[in-house]
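Let's take a walk through this one together. Keep the viewer open and follow along as we go.

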Amino acid sequence: MSPIAFIGLGHMGGPMAANLVKAGHNVRGFDLTAASLELARENGISTVASVAEAVSGAGIVITMLPAGAHVLSVWQELVAIVPSGTLLIDCSTIDMDSARKAHALAETHGCPALDAPVSGGTGGATAGTLTFMVGGDAAVFAGAKTVFEAMGKKIIHCGGASAGQAAKICNNMILGISMIAVGEAFVLGEQLGLTHQALFDVASVSSGQCWSLTTYCPVPGPVPGSPANRDYEPGFAAALMLKDLKLSQAAATDAGAMTPLGATAAALYQRFADEGFGGKDFSAIINMLRGETGTR
Ligand code: NAD
């Protein structure tokens, strides 16, 4: 089995690459930071000093990088080196325009490509339970499925090139909006004298039911595993939610789609980040809605 090159061994990429090793793959990893490389080595990844070394002889190249500009820069470098036919997979969350450009770059060099952003956070990356939302040719997807299965639990083919990014962006827009909706309901309930538990007991079995309430409840108590019970340590940081909401708004502008609640959610997360809470879990936005974080 030819090695898999893994570029970007951060909070997500590091544990994802480690799960590929656990599944029996020979993984060659590269990152710009020494700390990520060291941790990767401890997890059985063969680390190298450049993109060129990582991709040499690899049948599959996976990137897990901060944003579209990083992905395009790395893909530009690697398509010039890898033989045609090398499978390129980007798991980063990036803007639609960069995702389309990455696919075009791969096609020009005769490389099959998939965009495969994930949800499930660092916990899912470590446990190997990520959801992959995959865009690209159906046959290419079918051939790569076992690779995704080593890192995730739900692997969904969303359509052609960049459909995975589209699904990720739309899903996280729902998540950002619904977390604010749930936060507003708890804040109003407090003002009306309702206990958190009473509102949870009703809404979790009624039409207000949603993931932001039942799995990720933004007040401590009703869902013991939610970040609200540990001072809103992430989890999924508010800065990352803001990033994804901005991607949704850029996509909506380009596509001419009307997303007024997405725009409002982006503005509220921007304010929360500006107030210095970007490192807190995104569910902590309830504290801003309560007027506890800054000036209202
Ligand atoms: P991170 O910052 O921890 O990791 C990114 C890594 O890429 C860093 O280690 C950085 O050194 C490396 N890097 C940057 N440029 C590079 C280059 N040119 N060559 C090699 N390495 C390079 O970020 P993360 O949390 O792992 O997130 C990665 C991606 O996954 C992002 O697109 C993010 O939006 C997405 N994502 C993150 C989460 C999460 O909970 N952290 C959840 C879902 C999706």
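Where does histidine 25 lie? You'll find histidine 25 in a loop, the one between α1 (13-22) and β2 (27-30). Keep in mind as you look around that this is a predicted model. Is histidine 25 buried or exposed? Its relative accessible area is 15%, and the cut-off for buried is under 20%, so histidine 25 counts as buried despite sitting in a loop. Skip the neighbours within four places in sequence, and the residues in contact with histidine 25 are Met1, Ile4 and Leu20.

Now for the greasy parts. The largest nonpolar core is made of 34 residues, and Phe186, Tyr269, Phe282 and Ile285 are the ones with the most contacts inside it. The largest share belongs to α8, with 7 residues.

Zoom in on isoleucine 285 for a closer look. Setting aside residues up to four places away in sequence, isoleucine 285 touches Met179, Ile180, Leu268, Tyr269 and Phe272. There is also another core, lying apart from the largest one, with 31 residues. Leu9, Ile60, Val147 and Met151 are among its members.

Next, a helix pair. Two packed helices are described by the angle between their axes and the distance between the axes. For helix α4 (residues 68-79) and helix α5 (residues 96-108), the axes come within 10 Å and cross at roughly 5°. Angles under 35 degrees count as roughly parallel, so α4 is roughly parallel to α5.

What do the two helices bring to this contact? From α4 come Gly68, Leu72, Trp75, Gln76 and Val79, and they meet Ser98, Lys101, Ala102, His103, Leu105 and Ala106 of α5. Sorted by type, the residues of the contact of α4 with α5 are 6 nonpolar, 4 polar and 1 charged.

Last stop: threonine 131, which is in strand β8 (residues 130-135). Threonine 131 has 16% relative accessibility, so it counts as buried. How far is threonine 131 from serine 119? The two are 12 residues apart along the chain, while their C-alpha atoms are separated by 5.3 Å. Serine 119 also turns up among the contacts of threonine 131: leaving out neighbours within four places in sequence, these are Pro117, Val118, Ser119, Lys154 and Ile156.

Note on methods:
Residues are numbered from 1 along each chain as its sequence is written. This is a predicted model: local features need pLDDT of at least 70, side-chain atom pairs count only at pLDDT 80 or more; totals for chains, interfaces and linings use all residues. Side-chain values use heavy atoms; hydrogens and water are left out. Helices (H or I, at least four residues) and strands (E, at least two) are DSSP runs, numbered from the N terminus. Buried means under 20% relative accessible area, exposed over 50%, partly exposed in between (1.4 Å probe, protein chains only). Contact means heavy atoms within 4.5 Å. A nonpolar core is a set of buried Ala, Val, Leu, Ile, Met, Phe, Trp, Tyr and Cys residues joined through side-chain atoms within 4.5 Å. Axes are lines fitted to C-alpha atoms, for helices over the stretch in contact, and angles run from 0 to 180 degrees between N-to-C directions. Angles under 35 degrees count as roughly parallel, over 145 as roughly antiparallel, 65 to 115 as roughly perpendicular and the rest as oblique. Ala, Val, Leu, Ile, Met, Phe, Trp, Tyr, Cys and Pro count as nonpolar, Asp, Glu, Lys and Arg as charged, and the others, Gly among them, as polar.
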